[in-house]
Amino acid sequence: MYLPPHDPHVDDPMRFKPLFRIHLMERKCATVECMYGHKGPHNGHIQIVKKDEFSTKCNQTDHHRMSGGRQEEFRTWLREEWGRTLEDIFHEHMQELILMKFIYTSQYDNCLTYRRIYLPPSSPDDLIKPGLFKGTYGSHGLEIVMLSFHRKKAKGTKITGDPNIPAGQQTVEIDLAHPLQLPDIENLRDFSELSRIVLEVQEQVRREEQEQEHRQEEEDRSQQAASQPAAKPLGEGAEGEETAAGAEGMTQDKAPASQPFVLPMGVISRNEDYPRTCRICFYGTGLIAGHGFTSPERTPGVFVLFDDDRFGFIWLELKSFSLYSRIKVSFQNAEAPSREAFDEMLKNIQSLAT
């Protein structure tokens with residue numbers, strides 16, 4: 001398992017933790033060992049579920065238990081996962097979230113399902129190179145997000161989740177057709193000024209979406225009329241081409257010269273060591289929800305591009321700032337064995353089990 005660094009140090013390297021290992025003893029003979037816990041390797045099992053997916057099961061979960069009971073297990077987990085003790089965490093809300101995560105993750109006892117992650121393709125027109133990023137999420141700590149580009153949109157998808165927003169959900173969406181012109185550095189410190197700018201763009205986006213829906217309805221009606229030629233689909237007409245070209249031109253130019261940047265007063269940041277200059281900002285939305293992914297909603301925010309490897313997002317409604325840093329290092333042993341060799345290995349284990 002590759003864990004993010006301890007909160008809030010997004011620029012630190014990922015942490016490596018073995019969860020299971022496979023011994024190929026001889027031809028058509030293999031053993032699986034669970035590496036979870038602190039009592040050393042013990043008997044485990046691997047099963048192929050379907051394409052790009054397999055599951056692991058520990059056959060000796062008593063090896064995961066500690067003599068001090070759940071309290072000792074929790075304190076050990078807290079030191080390893082968060083790099084701190086419970087006494088270091090004074091915020092009650094953060095204590096609650098951490099305890100929820102411990103209860104949720106520890107109940108599986110390393111009986112897990114693994115699915116292959118396909119990284120997004122890269123295009124010369126992309127604002128920056130897509131890929132995996134470590135990001136700060138307030139009391140949830142650091143989480144992993146995959147950044148991908150889709151013409152006039154950029155999306156951040158959670159690879160790791162939390163009690164509010166689970167993995168697989170789109171945490172942020174960036175509207176590359178709507179860059180934001182930030183005020184000068186003194187006015188930028190005023191949260192109400194930034195809020196005014198963002199909400200004006202949000203209203204503009206809402207009007208444009210309504211106009212697009214109206215045009216789409218008109219086109220649908222014209223296409224249904226047999227006596228009239230079909231109108232061009234939305235986005236292929238002159239206006240759609242102009243908008244797309246504007247967005248692509250912005251990404252090709254990457255950004256103008258860097259400009260000073262500072263967080264407005266009242267915006268909370270887990271990491272105060274964020275860059276003080278940025279290249280460009282865009283209007284975007286961020287996904288928020290209650291515990292258990294209840295009442296999810298997209299709220300306005302600001303995407304801030306710092307450089308090729310770091311970006312940020314200001315959550316307007318939460319008055320919170322997330323800083324993201326690219327995962328640069330190659331994963332240990334990621335290329336050995338190869339995908340084909342690993343799939344063949346799992347098939348051999350599967351045939352032995354049956």
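Where is the place of P8? In this predicted model, P8 is found in the loop between β1 and β2. Strands (E, at least two residues) and helices (H or I, at least four residues) are DSSP runs numbered from the N terminus. The peptide bond that leads from D7 to P8 is cis, with omega near 5°.

The model is a predicted one, in which local features need pLDDT of at least 70 and side-chain atom pairs count only at pLDDT 80 or more, while totals for chains, interfaces and linings use all residues. Residues are numbered from 1 along each chain as its sequence is written, and side-chain values use heavy atoms, with hydrogens and water left out.

The structure holds 20 salt bridges, a salt bridge being a side-chain nitrogen of Lys or Arg within 4 Å of a carboxyl oxygen of Asp or Glu. Side chains of opposite charge can pair when their charged atoms come close. One of these salt bridges is formed by D7 and R270, whose closest N and O atoms are 2.4 Å apart. This pair links distant parts of the chain, since D7 is in the loop between β1 (2-3) and β2 (15-16), whereas R270 is in the loop between β13 (268-269) and β14 (277-278), 263 residues apart. D7 is buried, with a relative accessible area of 7%, while R270 is partly exposed at 30%. Here buried means under 20% relative accessible area, exposed over 50%, and partly exposed in between (1.4 Å probe, protein chains only). The accessible areas come from the Shrake-Rupley method with a 1.4 Å probe, and for residues only the protein chains shown count as cover.

A salt bridge also joins the side chains of R116 and D52, with an N to O distance of 2.8 Å. Distant parts of the chain are again linked: R116 lies in the loop between β7 (112-115) and β8 (131-136), and D52 in the loop between β5 (42-50) and β6 (53-58), 64 residues apart. R116 counts as partly exposed because its relative accessibility is 32%. D52 has a positive phi of about 60° although it is not a glycine.

R326 and D309 form a further salt bridge, the closest N and O atoms being 2.7 Å apart. R326 belongs to strand β18 (residues 320-326) and D309 to the loop between β16 (294-307) and β17 (310-315), so the pair ties together parts that are 17 residues apart in sequence. R326 counts as buried at 11% relative accessibility, and D309 as partly exposed at 23%.

S295 lies in strand β16 and counts as exposed, with 64% relative accessibility.

In strand β11 (residues 170-180) lies D175, which is buried with a relative accessible area of 8%. A polar contact of 2.9 Å joins the side chain of D175 to that of H178, and a polar atom of the D175 side chain lies 3.1 Å from the backbone nitrogen of A177. S148, in strand β9 (residues 142-150), is buried with a relative accessible area of 8%. The side chain of S148 makes a polar contact of 2.8 Å with the side chain of H150.

On the surface, E209, E213, E217 and D220 gather in a patch of negative charge. Such patches are made of residues with over 30% relative accessible area and no salt bridge, like charges being joined within 9 Å and nonpolar side chains (Val, Leu, Ile, Met, Phe, Trp, Tyr) within 5 Å.

Helix α2 (residues 92-106) contains L99, which is partly exposed with a relative accessible area of 39%. The C-alpha atoms of L99 and F74 are separated by 8.3 Å, and these residues are 25 residues apart along the chain.

Note on methods: Lys, Arg positive; Asp, Glu negative; His and termini not counted. Charge placed at Lys NZ, Arg CZ, Asp CG, Glu CD. Polar contact = N/O pair within 3.5 Å; in protein donor to acceptor, adjacent residues only side chain to side chain.
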